[in-house]
Amino acid sequence: MAETDAGNGPPPFEDAFASDDVEQRIYGSILQAREPTAASAIADSADCDPKTARKYLGWFDDLGIVTRHDGHPATYERNDAYFEWRRINQLAADHSVEELQEHVRELTTRITEYEATYDAASPATVDAVAAADGSDELTIDAVYSDLADWATAREERDRYERARQQRTGGEREQASG
């Protein structure tokens, strides 16, 4: 039983893309890279020939998934703007305008509560240590957790609002077209 079950679970972390085709392994490697990386290093990570890695990286560059930096050697890095665009498009496709508006409202309420709690317009302006020291109810860990949630809520609200605008613009075009 153990032998058959072993194939059903996720692959070991150090070999997470072993069962994928070479394109998926290269894609996974570039997603994990945190700084511009040479094609040869990506090829090593994806367990493929550097020429193959360069071919796919060129294609990913053309699609906007990666950014190519000229140099000797050329390096590649994940294009975070592409993934942000993709996330917004997915939100617009998965939710109605009403659902997107409701998410924006909920997130705005949460953000407003944090602004009132910390008497600040943004989590970046809050001194977490001073906030915890000045409160009988909040620990430093709770303040840091609030600040992280607040920052995330602001980012998510922006995404949902952009998806709502995209969705609303598309519906107006369909109605007038």
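Q: Which secondary structure elements make up the protein chain?

A: The protein chain of this predicted model contains eight helices and three strands. Starting at the N terminus, the order of the elements is α-α-β-α-α-β-β-α-α-α-α.

Q: How are two packed helices described?

A: In general, one states the angle between the two helix axes and the distance between those axes. In this structure, helix H2 covers residues 22-32 and helix H4 covers residues 50-63. Their axes come within 10 Å and cross at roughly 70 degrees.

Q: What is the orientation of H2 and H4 to each other?

A: Angles of 65 to 115 degrees count as roughly perpendicular. H2 and H4 are therefore roughly perpendicular to each other.

Q: Is the crossing of H2 and H4 left-handed or right-handed?

A: For this pair of helices, the crossing is right-handed.

Q: Which residues of H2 and H4 meet?

A: H2 contributes Val-22, Glu-23, Ile-26, Tyr-27 and Ile-30. On the side of H4, the residues are Thr-52, Ala-53, Tyr-56, Leu-57, Trp-59 and Phe-60. Of the residues in this contact, nine are nonpolar, one is polar and one is charged.

Note on methods
Residues are numbered from 1 along each chain as its sequence is written. This is a predicted model: local features need pLDDT of at least 70, side-chain atom pairs count only at pLDDT 80 or more; totals for chains, interfaces and linings use all residues. Side-chain values use heavy atoms; hydrogens and water are left out. Axes are lines fitted to C-alpha atoms, for helices over the stretch in contact, and angles run from 0 to 180 degrees between N-to-C directions. Helices (H or I, at least four residues) and strands (E, at least two) are DSSP runs, numbered from the N terminus. Angles under 35 degrees count as roughly parallel, over 145 as roughly antiparallel, 65 to 115 as roughly perpendicular and the rest as oblique. A crossing is left-handed if the near helix is turned anticlockwise from the far one by less than a right angle, and right-handed if clockwise. Contact means heavy atoms within 4.5 Å. Ala, Val, Leu, Ile, Met, Phe, Trp, Tyr, Cys and Pro count as nonpolar, Asp, Glu, Lys and Arg as charged, and the others, Gly among them, as polar.
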